[in-house]
Amino acid sequence: METEPRKKALQYFFEKIVGPMGFKFTPDEELKEFLLEQEVTLEAKHGIPFCPCQPIRRDRARDMQIVCPCIPFHREHFDALKRCWCGLFVHKDVTDPNRLPQLPPKDVGLG
Amino acid sequence: MGEEFLRAIRTDEIAPGGMKTVELNGREVVICNCGGTYFAIQRRCGHMNAPLEMGTLDGKIVTCGMHCAQFDVMTGGALSGPVPADLGNETPPPRIATMLRNVALQMQQVRTESIRTYETKVEAGWVLVAKP
């Protein structure tokens, strides 16, 4: 399997999922390419494109909550941050993702 | 001398996003209607030979209905291998569990190959496919 075509395929499928949820791919192209590449690597290894910034715990119920795009499982936190944890997706109104704070759930009134 | 094309199917026989199998020159070919652009691919999945027209076509990506291997219908390139079996939290009966383990062991050895594509063109309401 080649990486580049798979990255494009993941992008195609993810866009259709995250768009209706109010998210888009980060405008930081370098970060987007890097994260998608990591997901392709994880998918080749595990058969599933897990979030590249989260540990796989071998606990199926928990691991399924970090399958990209994991927005539905962590929606409140991501909405507060205007981005997902790894930064692959940001709210549609975000133009400069580097200015978004990364705060733990308790700092945004969660958990 | 130019490539020989064969009449495969009428354009109005497949709705956009649909697929249909035809036999051309003794070979099974799936015609894919990707939003009005037609592509022709080999029928058999590059993973375990399942009939691809029984899967789904999304954009220019076909997903096999058997193990969800994906292919680009423009190039035939394999985009992903099979997805892992999902048994959720259910524990299957021991005999079934043993069988599934054996199948999984064998499937680990199966490489997903790219599939063959054929050139297409549309003429007078027909999709023509380069002779396979």
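Two strands pair if DSSP finds at least two bridges between them. The model discussed here is predicted.

Q: Which residue in the turn of the hairpin formed by β10(B) and β11(B) has a positive phi?
A: Strand β10 (residues 120–123) and strand β11 (residues 126–130) of chain B are antiparallel and share 4 bridges. Within this pairing, T120(B) lies opposite V129(B) of β11(B). The hairpin leaves 2 residues between its strands, and the turn residue with a positive phi, about 50°, is A124(B).

Q: Which strands stand at the edges of the open sheet of 4 strands in chain B?
A: The order in this sheet is β2-β3-β4-β9 (chain B), and the pairing is antiparallel. A strand with a single partner has one side left without a neighbour in the sheet, so the edge strands of chain B are β2 (19–24) and β9 (117–118).

Q: What is the bridge partner of C32(B) in β4(B)?
A: Strand β3 of chain B covers residues 27–34 and runs antiparallel to β4 of chain B, residues 37–42, with 6 bridges joining them. In β4(B), the residue bridged to C32(B) is F39(B).

Q: How many residues does the largest nonpolar core have?
A: Buried residues account for 31% of the 132 residues in chain B. I31(B), C32(B), A40(B), I41(B) and V62(B) have the most contacts inside the largest nonpolar core. One of them, A40(B), is in contact with A8(B), V29(B), I31(B), T117(B), Y118(B), T120(B) and V129(B), leaving aside neighbours within four places in sequence. The number of residues in the largest nonpolar core is 45.

Q: Which element gives the largest share of the side of chain B that touches chain A?
A: In the contact between the chains, 11 residues of chain B meet 9 residues of chain A. On the chain B side, the elements that give two or more residues are β7 (70–72) and β8 (78–80). The largest share is 3 residues, and the element that gives it is β8(B).

Q: How many residues of the side of chain B that touches chain A are charged?
A: This side of chain B includes 5 nonpolar residues and 5 polar ones. The charged count is 1.

Q: What share of the contacts in chain B between residues at least 6 apart in sequence join residues at least 24 apart?
A: Chain B has 1 helix and 11 strands, in the order β-β-β-β-β-β-β-β-α-β-β-β from the N terminus. The C-alpha atoms of chain B fill a box of roughly 60 × 30 × 20 Å along the principal axes. Among contacts between residues at least 6 apart in sequence, the share joining residues at least 24 apart is 46%.

Notes
Residues are numbered from 1 along each chain as its sequence is written. Chains are lettered from A and ligands numbered from 1 in the order in which they are written. This is a predicted model: local features need pLDDT of at least 70, side-chain atom pairs count only at pLDDT 80 or more; totals for chains, interfaces and linings use all residues. Two residues are in contact if their C-beta atoms, placed from the backbone, lie within 7 Å. Ala, Val, Leu, Ile, Met, Phe, Trp, Tyr, Cys and Pro count as nonpolar, Asp, Glu, Lys and Arg as charged, and the others, Gly among them, as polar. A residue is buried if 20 or more other C-beta atoms lie within 10 Å of its own, exposed if 12 or fewer, and partly exposed in between; C-beta atoms are placed from the backbone. A nonpolar core is a set of buried Ala, Val, Leu, Ile, Met, Phe, Trp, Tyr and Cys residues joined through C-beta atoms within 7 Å.
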